[in-house]
Amino acid sequence: MKLLIAIVQDKDSNRLSSALVKENFRATKLASTGGFLRAGNTTFMIGVDDDQVDSVMNVIRNSCKVREQLVTPVTPMSGTTDSYLPLPVEVQVGGATVFVLPVDRFEHF
């Protein structure tokens, strides 16, 4: 048995949740916040048998897309900010970060 922990952007959350239900995978959703962009994320915890990992990974891959987004960098930590003019920078957001962990024991009550 494996536990998949998938961290996805909030924009992909509903699409992934619907796709998992459609494929009969159960998941627990947790609200989370990313450290880089300080934007909302959703963390999915999905428990599956070993032979279902690839199927879940395909659902995640097809539901969570990488996008380009303009962001304004935060103010520098040192120095004066008098002459600092932050310009928007294009970064990649979205997609999914997935951790696959072994599960020694699973109980459902």
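I take a residue as buried under 20% relative accessible area, as exposed over 50%, and as partly exposed in between. The model I am examining is predicted.

**Entry 1: salt bridges.** I searched the whole structure for salt bridges and found 2.

I looked up Arg15 and found that it forms a salt bridge with Asp12, with 2.6 Å between the closest N and O atoms. I placed both residues in helix 1 (residues 10–22), where they stand 3 residues apart, about one turn of the helix. I then checked accessibility for the two partners. Arg15 has a relative accessible area of 42%, so I record Arg15 as partly exposed. Asp12 has 0% relative accessibility and therefore counts as buried.

I turned next to Arg105, whose side chain meets that of Glu107 in a salt bridge at 2.9 Å, N to O. Arg105 counts as exposed because its relative accessibility is 66%. Glu107, at a relative accessible area of 42%, is partly exposed.

**Entry 2: helix 2.** Which residues of helix 2 (residues 53–63) are buried? I list Val53, Val56, Val59, Ile60 and Ser63. These residues cover an arc of only 125° around the axis, so they lie on the same side of helix 2. On the face turned away from this buried side I noted the exposed residues Asp54, Arg61 and Asn62.

I also asked what the buried residues of helix 2 pack against. I found strand 1 (2–9), helix 1, strand 3 (40–48) and strand 6 (96–102) as their packing partners.

Terms used:
Residues numbered from 1 in each chain as written. Predicted model: local features only at pLDDT ≥ 70, side-chain atom pairs only at ≥ 80, totals over all residues. Heavy atoms only, no water. Salt bridge = Lys/Arg side-chain N within 4 Å of Asp/Glu carboxyl O. Helix = DSSP H or I, 4+ residues; strand = E, 2+ residues; numbered from the N terminus. Buried < 20%, exposed > 50% of the residue type's maximum accessible area, 1.4 Å probe, protein only. Arc of directions from axis to C-beta. Contact = heavy atoms within 4.5 Å.
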